[in-house]
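Work through the exercises below with the model open. Each task is followed by a stepwise solution.

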Amino acid sequence: MRATSLGAGRCPVTALSLGGAALGNLFTPLSDETARGAVDAAWDAGVRYFDTAPHYGLGLSERRLGAALRDRPRDAYTLSTKVGRILEPREGGGDDLAQGFAVPATHRRRWDFSADAVRRSIEASLERLGLDRIDLVYLHDPDDHGEQALREAYPALERLRAEGVVRAIGAGMNRTGLLTRFLRESDVDAVLCAGRYSLLDQRAADELLPEAAARGKSVVVGGVFNSGLLADPRPGATYDYAAAPPELVERALKIKAVCAGHGVALRAAALAFPMRHPAVASVLAGARSAAEVADTAAMFATPVPDALWEELGI
């Protein structure tokens with residue numbers, strides 16, 4: 001699988017990468033064996049970049065991903081996690097479904113983009129992962145904490161990079177404005193943009209992607225299916241984790257028809273689209289099982305003719 005390096009070349013990433021939200025029981029539970037099978041299938045497909053976060057299943061994703069990678073050659077893959085939410089133990093029972101994860105509510109999340117929280121979060125992530133290092137650390141969803149993230153958390157990450165604790169740093173979220181600020185006002189290696197560069201939403205092309213290209217920075221694109229609509233467009237499908245408006249369902253169905261006219265599955269076109277921009281280094285796709293990983297890898301490898309993009313006008 002084609003690989004490139006983020007930013008200044010500190011972290012190699014494969015063009016297709018595995019996102020770890022589903023490994024944290026996103027929406028519904030899955031077994032440890034099923035989660036391990038998904039990671040193994042990604043490895044067998046040539047994926048060598050894996051992303052996770054403390055937020056995903058209150059640390060479950062990190063624990064599962066670390067267990068699945070622990071026996072792999074450490075220099076053979078790149079691992080990223082995130083900071084910004086501190087996990088604090090709690091009592092009282094219940095589950096975490098209000099936050100989207102089918103896990104017991106053993107911890108609460110507390111937003112914290114202070115320098116001290118950055119170091120404590122990384123230390124806790126390393127313990128859950130059971131690995132010797134994290135290659136890339138993103139500031140996770142600093143939407144409502146932009147000033148503190150830029151003033152306190154980012155300098156802390158920059159110091160950790162200078163010390164060699166991490167190889168690369170960045171920010172990840174689904175709003176393009178603040179990500180563009182990080183590109184302009186800091187020396188991040190990469191940004192992770194979720195849902196804003198897809199067949200249905202190209203807002204990242206307005207400023208974010210041109211800024212990244214001009215500065216020699218990398219963009220990792222997640223959410224290419226917009227949380228489900230572009231995987232299976234139909235009434236009742238989800239768009240950005242909510243019910244898709246009828247007009248968006250109609251748009252997605254029209255795109256699907258165009259793809260079918262060129263003999264290409266909609267999922268294949270959705271995965272291929274971001275890689276057409278020179279600033280995009282990797283497409284981050286989540287999966288719940290080995291079968292889903294195999295399907296994603298097959299779709300990603302599907303050639304998409306230029307005539308399809310011409311007909312779509314993108």
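**Exercise 1. Find which residues Ser80 touches, and place Ser80 in the fold.**

Step 1. Leave out residues up to four places away in sequence; Ser80 then touches Tyr49, Phe50, Asp51, Thr52, Ile134, Leu136 and Tyr138. Contact here means heavy atoms within 4.5 Å.

Step 2. Note the source. This is a predicted model, in which local features need pLDDT of at least 70 and side-chain atom pairs count only at pLDDT 80 or more, while totals for chains, interfaces and linings use all residues. Residues are numbered from 1 along each chain as its sequence is written, and side-chain values use heavy atoms, with hydrogens and water left out.

Step 3. Ser80 lies in strand β5 (residues 78–83). Strands (E, at least two residues) and helices (H or I, at least four) are DSSP runs, numbered from the N terminus.

Step 4. Ser80 has a relative accessible area of 0%, so it is buried. The classes are buried under 20% relative accessible area, exposed over 50%, and partly exposed in between (1.4 Å probe, protein chains only).

**Exercise 2. Describe the nonpolar cores, starting with the residues that touch the most other members.**

Step 1. A nonpolar core is a set of buried Ala, Val, Leu, Ile, Met, Phe, Trp, Tyr and Cys residues joined through side-chain atoms within 4.5 Å.

Step 2. The largest core has 87 residues; Phe50, Leu139, Phe182, Leu199 and Leu229 touch the most other members. Helix α4 (residues 146–163) gives the most to this core: seven residues.

Step 3. A second core of 12 residues is separate, and includes Cys11, Tyr49, Leu136 and Tyr138.

Step 4. Look around Leu139. Beyond its neighbours within four places in sequence, its contacts include Val83, Phe113, Ala149, Tyr154, Gly170 and Phe182.

**Exercise 3. Classify the ring pairs Phe50–Tyr77 and Trp111–Phe113.**

Step 1. Apply the rule. Rings of Phe, Tyr and Trp (its six-membered ring) pair if their centres lie within 6.5 Å; planes under 30 degrees apart count as stacked, over 60 as edge-to-face and the rest as tilted. The count comes to eight aromatic pairs.

Step 2. For Phe50 and Tyr77 the centres are 6.3 Å apart and the planes are at 85°, so the pair is edge-to-face. It links distant parts of the chain: Phe50 is in strand β4 (residues 49–51), and Tyr77 is 27 residues away in the loop between α2 (60–69) and β5.

Step 3. Check burial. Phe50 is buried at 0% relative accessible area, and Tyr77 is buried at 3%.

Step 4. For Trp111 and Phe113 the centres are 6.1 Å apart and the planes are at 15°, so this pair is stacked. Trp111 is partly exposed at 39%, whereas Phe113 is buried at 1%.

Step 5. Trp43, Phe50 and Tyr77 form one aromatic cluster. The charged end of Arg48 sits over the Trp43 ring, 3.7 Å from its centre. That term requires NZ of Lys or CZ of Arg within 6 Å of the ring centre and within 35 degrees of the ring normal.

**Exercise 4. How many residues of strand β11 are buried, and what pairs with β11?**

Step 1. Six of the six residues of β11 (residues 168–173) are buried, so the rest of the structure largely encloses this strand.

Step 2. Strand β10 (residues 136–140) runs parallel to β11, joined by five bridges. Two strands pair if DSSP finds at least two bridges between them. Leu136 stands opposite Ala168.

**Exercise 5. Which residues of helix α6 (residues 208–215) are buried, and what covers them?**

Step 1. The buried residues are Leu208, Leu209, Glu211 and Ala212. They span an arc of only 160° around the axis, which puts them on the same side of α6. The arc is that of the directions from the helix axis to the C-beta atoms.

Step 2. Their cover includes α5 (176–185), β12 (190–194), β13 (218–222) and β16 (280–286).

Step 3. Just after α6, Gly216 takes a positive phi of about 70°.
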